[in-house]
Amino acid sequence: MKEADVQQEPSYLGAPYGLASWLLTKDHKRIAILYLISITIFFAIGGSFAAMIRAELVTPQGDFLTADLYNKVFTLHGVVMIFFFLIPSIPATLGNFFMPIMIGAKDLAFPRINLLSWYIYVVGATLTLAAVIMGGVDTGWTFYTPYSSISSTTNVTTAALGVFITGFSSILTGFNFIVTVHRMRAPGMTWFRMPLFVWANYATSLVMILGTPVIAITVLLIAAERALHLGVFDPRIGGDPVLFQHLFWFYSHPAVYIMILPGMGVISELVANVSRKQIFGYSFVAFSSLAIAIIGFLVWGHHMFVTGQSIYAGLVFSIITMLVAVPSAVKTFNWTATMYKGAVVWDSPLFWVLGFMGLFLIGGLTGLFLGAMGLDIHLHDTYFVVAHFHYIMVGGGVMAFLGGLHFYWPKMTGRMYSEPLAKVASMLVFFGFNLTFFPQFIVGYMGMPRRYHSYPAEFQVFNVLSTAGATVLGAGYLMILLYLVYSIVKGPKAPMNPWGATGLEWKIQSPPITHNFHETPVVTEEAYDYLHAPAPTREVTHHE
Amino acid sequence: MSSTLPLFPPSASTVAGDVDALFFFILAVSAFFAVLVSVLILYFTFKFKGKHGEAGADIHGSLTLELIWTGIPFVLAMVMFVWGAQLFFTLAKPPADAMDVFVVGKQWMWKVQHPEGVREINELHVPIGRPVRLTLGSEDVIHDFYIPAFRVKMDVVPGRLTTMWFTATKTGEYHIFCSQYCGTKHSGMIGTVVAMQPEDYEAWLAGGRSTGSAVQNGERLFTELSCITCHKADSSGRGPTLAGVFGSTVQLNDGRKVLADENYLRESIMSPQAKVVQGFQPIMPTFQGLVSEENLLQLIAYVKTLKPAEPASAPVKK
Ligand code: HEC
Ligand SMILES: [Cu+2]
Ligand SMILES: [Cu+2]
């Protein structure tokens with residue numbers, strides 16, 4: 001076709017040049033890249049905290065970190081990874097870049113607000129880093145009162161304000177996405193022709209705008225209690241410490257879905273592509289995202305079964321928690337069924353899909369143990385919980401993020417990376433991850449509580465295994481960073497559609513022009529129409 | 001030290017076996033689905049290996065399958081819910097004949113007081129075969145009292161009392177962990193449960209230095225803090241008589257009715273204005289800051305023993 005002439009156009013990356021043109025850009029693709037760079041930095045910071053934790057826990061007694069320092073390190077690991085990496089990870093990078101393109105739009109509905117969200121994120125993140133430099137904070141990422149509001153002498157207020165400010169970035173992004181999906185779809189792009197990645201980001205955005213204000217108010221109340229001694233959470237002046245947990249988890253449980261729903265969206269794209277087949281049960285996958293987003297708001301009390309909350313409240317939270325497992329199971333079965341009678345191509349995206357499925361399965365299923373009230377009494381606040389949520393948020397979330405990043409990298413950067421290296425890295429990450437976190441299920445059932453700087457000797461074996469796994473995992477992540485960066489410099493130029501994928505994003509040049517499309521596309525087919533999908537254009541790289 | 005690698009915690013309470021049974025049930029269900037899905041995915045990956053440019057079969061979905069794989073997980077999840085809830089009810093309702101032990105958590109130690117007055121720190125001696133009910137209070141932040149071998153844990157929350165119970169079944173020493181993060185020495189806030197034969201427990205109690213039973217101490221405090229000047233045995237004081245108040249339903253002056261449980265007694269002493277008894281003036285001073293968490297538990301233990309003077313002629317309250 002006209003592909004040759006299309007490739008002549010300057011891409012969004014080069015038009016125009018200069019730092020100012022990037023820092024003042026309104027292009028959703030450039031903003032996505034700004035986010036990608038920022039979250040990578042925070043992932044590295046959060047990862048080095050994790051390395052310190054794992055190194056300290058090799059032996060039962062405290063070694064090179066004092067108890068106070070250890071407490072600060074795990075707090076910062078959580079705060080950085082959750083608020084500055086996981087929550088923005090997929091929506092603000094891949095979502096920002098591809099959601100408008102996938103629905104045939106030239107940009108998000110509010111490009112300036114999009115840039116503003118990034119600046120807000122940077123301000124919030126900088127404030128939190130300032131708290132680190134000023135001496136850190138030691139409340140745990142959960143900021144439980146009254147420890148955080150009256151007992152801790154660390155920089156709680158600064159860190160809380162950082163989280164508060166960053167919240168606005170999430171709210172604005174969610175708002176922008178929702179308006180974009182409603183108002184900016186190209187002619188013919190009906191709701192049920194939208195790629196599932198768009199559905200997932202839409203559902204995520206709902207959670208962001210409904211939940212984030214609550215956490216913002218909650219952390220602000222902590223700051224107020226510390227500064228003004230308002231009796232909100234401190235029982236000595238008439239407050240209720242458990243009220244904090246209600247407010248906190250009202251946001252933070254749905255926040256788990258902010259971290260995993262977009263990942264599920266990515267996996268839906270990847271599964272269809274590697275199977276070269278229409279996704280099985282499209283509408284069930286789409287609606288299960290919404291179901292998860294909505295039901296996810298009603299389960300927060302499952303974090304509080306042992307706080308002395310009313311048994312009957314506990315019952316309601318437990319049954320709804322069990323219910324929310326169902327849509328996740330539905331998704332998993334649909335992805336599996338999609339591969340049935342597919343034409344499964346063994347490119348690197350397949351490896352990320354398989355890795356995601358393995359880890360997400362374990363993460364999801366172990367949630368059932370924690371949702372069953374009588375069992376949660378034993379497991380609550382042990383390493384079983386630590387393992388469970390890492391399987392979901394890192395196993396599922398990060399695996400999907402990396403899968404998406406690899407899948408879309410050629411489109412975003414216009415370069416190909418080495419397929420064999422990507423396959424090796426995906427396997428390293430998978431094995432490293434399991435070695436790190438699987439032993440934690442066992443040591444958790446044995447009773448090792450989380451956030452322990454020192455622990456009884458019988459738990460040591462499992463901790464040594466974990467640390468060994470973390471080393472492999474770290475090596476895997478580092479390898480990915482290296483070959484992706486290398487690909488920008490030396491990688492072969494990417495064709496328009498290296499995976500032979502369907503969707504508007506694969507019908508435009510790599511990397512796209514600033515306005516994405518030369519003329520507004522008209523959509524005439526459903527998503528994942530792999531029967532009529534183009535063969536991949538792979539003139540530049542070839543595996544084998 | 002045993003040479004084999006332990007993979008499972010000791011089971012040393014009456015509920016431990018039930019908790020483990022639920023654990024293994026969910027484990028079996030999970031393992032089944034994990035293996036099923038993994039095998040299917042890998043099988044499809046190999047069986048339907050394709051080439052670039054090929055397309056998979058034209059399948060869009062199946063309502064029957066969707067219903068099946070919505071229905072089966074739903075039913076299984078409900079079974080887990082009901083089982084878990086039953087267990088939770090058992091764990092939440094201590095048997096009536098349970099022996100009362102008070103535990104106070106503070107950064108970073110556990111203070112234990114036995115009914116007969118023997119105290120210990122970071123240790124809890126209990127007889128096997130007899131239900132033990134712990135009443136937990138905190139002097140500062142939230143802690144959590146966790147005994148993995150008994151499969152029980154409960155948060156220890158400042159400003160209120162929480163309870164948990166267990167019946168130890170095997171003699172031995174087991175870990176106590178604080179499992180709610182509480183600051184610098186959170187991981188040092190640990191201790192040992194010593195489960196003993198009942199006769200050994202009695203001997204241990206007899207050998208311990210008792211500073212008076214909880215009730216005796218409570219009675220002394222009741223006089224020292226001049227509660228007695230307002231709360232008389234009959235209704236002649238400025239405050240209501242406390243005889244028989246525990247476990248009764250109290251009518252408040254704002255129209256509400258509350259059950260007088262331990263937390264109500266606690267609140268009545270620490271923030272008397274929060275709930276004012278009908279027919280009385282809010283003149284009771286707060287004892288916030290004047291009584292420690294341990295004294296509070298003793299006062300409550302004493303108030304619980306106050307019974308109406310002539311039970312025979314006491315009118316049935318309607
Ligand atoms: C100055 C008199 C006064 C003193 C001293 C006093 N109280 Fe009271 N107390 C009252 C009055 C009046 C009420 C009823 C109004 C209310 O609920 O605040 C009351 C209510 C109570 C109640 C709730 C009774 C019910 O029927 O529901 C309890 C329990 C109680 N007091 C315990 C104590 C204890 C323990 C002390 C000592 C540490 C104490 N009081 C000291 C005057 C007093
Ligand atoms: Cu504690
Ligand atoms: Cu603690």
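**View 1. A:Pro511 sits in the segment after α16 (460–490) of chain A.** Helices here are DSSP runs of H or I with at least four residues, strands are runs of E with at least two, and both are numbered from the N terminus. The peptide bond leading from A:Ser510 into A:Pro511 is cis, with omega near -15 degrees. A word on what you're looking at: this is a predicted model, where local features need pLDDT of at least 70 and side-chain atom pairs count only at pLDDT 80 or more, while totals for chains, interfaces and linings use all residues. Residues are numbered from 1 along each chain as its sequence is written, and chains are lettered from A and ligands numbered from 1 in the order in which they are written.

**View 2. Another cis bond in chain A joins A:Thr145 to A:Pro146.** Omega is near 0 degrees for this one. To find A:Pro146, go to the loop between α5 (111–133) and α6 (147–151) of chain A.

View 3. A:Lys341 counts as partly exposed because it has 17 C-beta neighbours inside 10 Å; the label buried takes 20 or more other C-beta atoms within 10 Å, exposed takes 12 or fewer, and partly exposed is in between, with C-beta atoms placed from the backbone. B:Ser226 belongs to the loop between α4 (214–224) and α5 (227–230) of chain B, and it's exposed, since 10 other C-beta atoms lie within 10 Å.

**View 4. Chain A meets chain B through 84 residues of chain A and 80 residues of chain B.** Contact here means that the C-beta atoms of two residues, placed from the backbone, lie within 7 Å. Several helices of chain A each bring at least two residues to this side, including α4 (67–102), α9 (241–275), α10 (282–295) and α15 (419–445). The largest share comes from α11(A), with 16 residues. Sorted by class, the chain A side has 52 nonpolar, 24 polar and eight charged residues. For that sorting, Ala, Val, Leu, Ile, Met, Phe, Trp, Tyr, Cys and Pro are nonpolar, Asp, Glu, Lys and Arg are charged, and the others, Gly among them, are polar.

**View 5. Five strands of chain B form an open sheet, in the order β3-β2-β1-β5-β8.** The pairing is mixed, and two strands count as a pair if DSSP finds at least two bridges between them. β3 (119–121) and β8 (162–167) of chain B stand at the edges with a single partner strand each, so one side of each has no neighbour in the sheet. Inside the sheet, β1(B) and β5(B) run parallel and share seven bridges. One residue to look for is B:Val101, whose bridge partner in β5(B) is B:Leu134.

**View 6. Domain 1 of chain B touches domain 2 of chain B.** An automatic or database assignment sets the domain bounds, giving 10–41 + 63–211 for domain 1 and 214–305 for domain 2. Their C-alpha centres lie 30 Å apart. Twelve residues from domain 1 and nine residues from domain 2 take part in the contact. On the domain 1 side, β1 (99–106), β2 (109–113) and β5 (131–138) of chain B each supply at least two residues, and β5(B) gives the most, with three residues.
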